[in-house]
Amino acid sequence: MRTIAIANQKGGCGKTTVSINLAACLAREGRRTLLVDMDPQGHCALGLAVPEDQIELSIAEVLRSASLNGQAAPAERVDLVRSIWQITANFDLTPATTSLAAFEMEFGGRPDAEDFLAEVLSSVNDKYDFALIDCPPHIGLLTLNALAAASEVIIPVDTGYFSLQGLAKQIETVEAVRSRREQALEVRVLANLYDVRTKLGREILNELKRKFGSLMCSTFINFNTKLREGASFGQPITEYDPGSMGFRDFVRLARELIAAGGPDMIPTALLRQANSLADRADKLLATTRPLFGKNGVVRNDQPSTPEQIQQKIERIYGAQLTNEGVLFVAQAPGAQAVHLAGDFNNWSADATPMVSEKRDATFQALLPLAPGRYRYRYVVDGQWLNDPHNSYVEANPFGELNSVVEVS
Ligand SMILES: Nc1ncnc2c1ncn2[C@@H]1O[C@H](COP(=O)(O)OP(=O)(O)OP(=O)(O)O)[C@@H](O)[C@H]1O
Ligand SMILES: [Mg+2]
């Protein structure tokens, strides 16, 4: 089970919207998903039409029971399963009610008070593929419980009325929890309420990518009134309007998370992707490497010298059309990581790693792109740059240059 906390101390940035709709979409992708509401406001129940007056056992009772360390009589024990409401196939909810508000006061002094939720969730480890935890809009014992239980955290960020300061603070808190507990906690920042039509929205998204680079989810969630309407009708977007942009965004997010494969698997998956890319690029380079003998005769049988290879590679810096796709070759001396971002990957700063197979200054990526016109930039250790080897550029709305490649 992958446990993902949805946290940000800033109110109204979309924690509950993300929790509900991501859970619904993970379930729709066939993943057994449990949503746990850790916010005494109880908005998950509200947004999923679970009537508050019929909730007999909520997460508060489950946590209280866990605090007794198994010393309660069996009949009085409140196991997590007793609190669960089935929402749709594969999608269960453990709701919260206002009774959770007393939790911080009640257990604030106990040294193990941050660990109750982790213990509770360990009892359903085999029953679910994902547990999502909706957090309240402040960093207290409830959020700390969620972070302690989680192996991943998604920080939704409002790109409409947003303060970078608040986000930096949230990430600091996550960092503090991470270093104190010595546990793996994969952090992802998710742009929400994105309105492509506003200059502010675009600028903030760009700023986020610049600042948080590989921490950003490739997917961002557009502002979509259907998401708000769905919540007011007590339905996730999968039920309220599967034709909406909100639905499309959340399906994309669910698939991105599934593909990422959990904290331990992310580096392996990336590595595999990078290696296969390197293999393909290497083959391609080999075929585009004409070796000329003394008399100008092509001789493919002799290995080229490192200098010769360097010469050939220099000739192909930039973006080249090949039979297998567009080969992007960048020169980035001393860089740790280079990524390719552009129209083709939603301007993601981390979806398309460029590979330095010889661990030198040359990074490459091969993309099979359909005919069309694509704008792109390189992200070199988090810094966005246009391709200096491609003179075909256009200005972007941020006063910088995008490189352009046309595939015919
Ligand atoms: N992408 C979106 N498009 C349109 N409306 C949205 C979107 N995301 C969130 N909203 C709306 O914004 C409001 C706040 O969202 P939500 O309740 O999910 O935030 P929250 O972070 O959980 O708030 P709190 O901090 O109070 O728990 C809600 O009315 C919700 O419907
Ligand atoms: Mg909320």
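The model is a predicted one, in which local features need pLDDT of at least 70 and side-chain atom pairs count only at pLDDT 80 or more, whereas totals for chains, interfaces and linings use all residues. Residues are numbered from 1 along each chain as its sequence is written, chains are lettered from A and ligands numbered from 1 in the order in which they are written, and side-chain values use heavy atoms, with hydrogens and water left out.

The secondary structure of the protein chain amounts to 13 helices and 16 strands, these being DSSP runs numbered from the N terminus (helices H or I, at least four residues; strands E, at least two). Of its 408 residues, 51% count as buried, that is, under 20% relative accessible area, with exposed meaning over 50% and partly exposed in between (1.4 Å probe, protein chains only). Among contacts (heavy atoms within 4.5 Å) between residues at least 6 apart in sequence, 74% join residues at least 24 apart.

Helix α8, spanning residues 199–212, has 14 residues and reaches 20 Å from its first C-alpha to its last, close to the 20 Å expected at 1.5 Å a residue, where the expected span is 1.5 Å times one less than the number of residues. Within α8, the buried residues include G201, I204, L205 and F212, and just after the helix G213 takes a positive phi of about 35°.

T143 has its place in helix α6 (residues 141–149) and is buried at 1% relative accessibility. Leaving aside neighbours within four places in sequence, T143 is in contact with A7, C135, P136 and H138. C135 likewise counts as buried, at 1% relative accessibility, and C25 is buried with a relative accessible area of 1%. The structure holds zero disulfides, a disulfide being a pair of cysteine sulfur atoms within 2.5 Å.

Ligand 1 is surrounded by 18 residues, the closest being K15, T16, T17, N192 and N224, where a residue is near if one of its heavy atoms lies within 4 Å. An oxygen atom of ligand 1 is 3.0 Å from a polar backbone atom of G12, and a nitrogen atom of ligand 1 is 3.0 Å from a polar backbone atom of N222. The protein covers 85% of the 630 Å² of accessible area that ligand 1 has on its own.

Note on methods: Polar contact = N/O pair within 3.5 Å; in protein donor to acceptor, adjacent residues only side chain to side chain. Areas by Shrake-Rupley, 256 points an atom, 1.4 Å probe, with all protein chains shown as cover.
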